[in-house]
Amino acid sequence: MKTFELVAPCHFGLEAVTKREIYDLGYEIARVEDGRVTFEGDAEAICRANIFLRSAERVLLLVGRFRATTYDELFEGIKALPWEEYLPANGKFWVKKASSIKSKLFSPSDIQSIAKKAMVERMKKSCHMDWFPEDGAAYPVRIFLLKDEVMVTLDTSGDSLHKRGYRLMTSKAPLTETLAAALLMLTPWKKDRILVDPFCGSGTFPIEAAMMAANIAPGMNREFTAEQWTNLIDRKLWYEAVWEAQELIDREVSVDIQGYDIDGEVVKAARENARRAGVENLIHFQQRAVADLHHPKKYGFIITNPPYGERLEDKEDLPALYRQIGQAFRGLDAWSLYMITSYEEAERYIGRKADKNRKIYNGMIKTYFYQFMGPKPPKRQNLQKAER
């Protein structure tokens, strides 16, 4: 089976999480760059990566890389790529997106237009056709320029992989599913430990945690653009990847995952999202303020995305809110707190300096992932005694 270079874009600063996921799927890592991980895999890998990766934004098939500082060089570089190996004569192909950073060619619309013309010229020669109907499967192209290096890819995913299909209802400032999953994987939380999100919003942290605990593949209930690429990927490979995902689900798993929010309507939406994700029986959602957060057990985790105060009128409420978070945390015996927020005074009002702090971009917002680590639990045989 033919081997491809595949590229998994991810959140800046979380490349190590995506790299580990790809490695765990059984694929060789070719390179790690800011915001993306490149790996080697066959047609089956395209299916499995789309269905199983939790932290990647999409799966791209690398067509080629070259250097271009003029539009003529861009045209010739695109034209030199073997498009006929990827596109059928009736395929619908266009440049879905072009981005440029620190490059002489910086106009996305010009890059898109010239690239399309170059692709057509190549296909004319290879297919001996002057006109293409483009009434077949869609082959969206994504082009990235960084310091005049051009990377040309085909998008196998279509909609971003954060669109798992379960979140119809969202809160005001939702965390994407891929970012929530990556942050969970940065923590030492495991399914035998308590997890509470006191600002659960649409339920993303609890739902992603429950899906991990039950080993539910994030992409098993959605569609992908490359499912129609029958010239490159046999349809049975998609069915086999979904069957593999279904076989791996742990339907007997027992967890203690809780999501609270002060807004009752938001809690209802979170419950509905959990139902759509198939994990409603694994999460306890409740309308509750963070000031009322308490739990009798030890060694639990708070993993949360509290309000940032992005709107000016909300900022004055933040000191009191983060004081409440700190007070609730201090009342929990031997717990850990992991929190993503853009509020730079968070540590001051929580009343403790974080053990670790990681800068992460949530969309265009610069945020910090504060990690307040509690003690490790005793060895498993003593854990039950400690919790009694």
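Searching the whole structure turns up 20 salt bridges, each being a side-chain nitrogen of Lys or Arg within 4 Å of a carboxyl oxygen of Asp or Glu. This is a predicted model, where local features need pLDDT of at least 70 and side-chain atom pairs count only at pLDDT 80 or more, while totals for chains, interfaces and linings use all residues. Residues are numbered from 1 along each chain as its sequence is written, and side-chain values use heavy atoms, with hydrogens and water left out.

Here are some of the pairs:

| Salt bridge | N to O distance |
|---|---|
| Glu85 and Lys2 | 3.2 Å |
| Arg36 and Glu33 | 3.3 Å |
| Glu84 and Arg122 | 2.8 Å |

Glu84 sits in the loop between helix 3 and strand 5 and Arg122 in helix 4, so this pair links distant parts of the chain, 38 residues apart. Helices (H or I, at least four residues) and strands (E, at least two) are DSSP runs, numbered from the N terminus. Arg36 is buried at 14% relative accessible area, whereas Glu33 is partly exposed at 22%; buried means under 20%, exposed over 50%, and partly exposed in between (1.4 Å probe, protein chains only).

Strand 5 runs parallel to strand 6 (residues 138-146), with 9 bridges, and Ile101 stands opposite Leu146 in strand 6.

Technical notes. Pairing = 2+ DSSP bridges.
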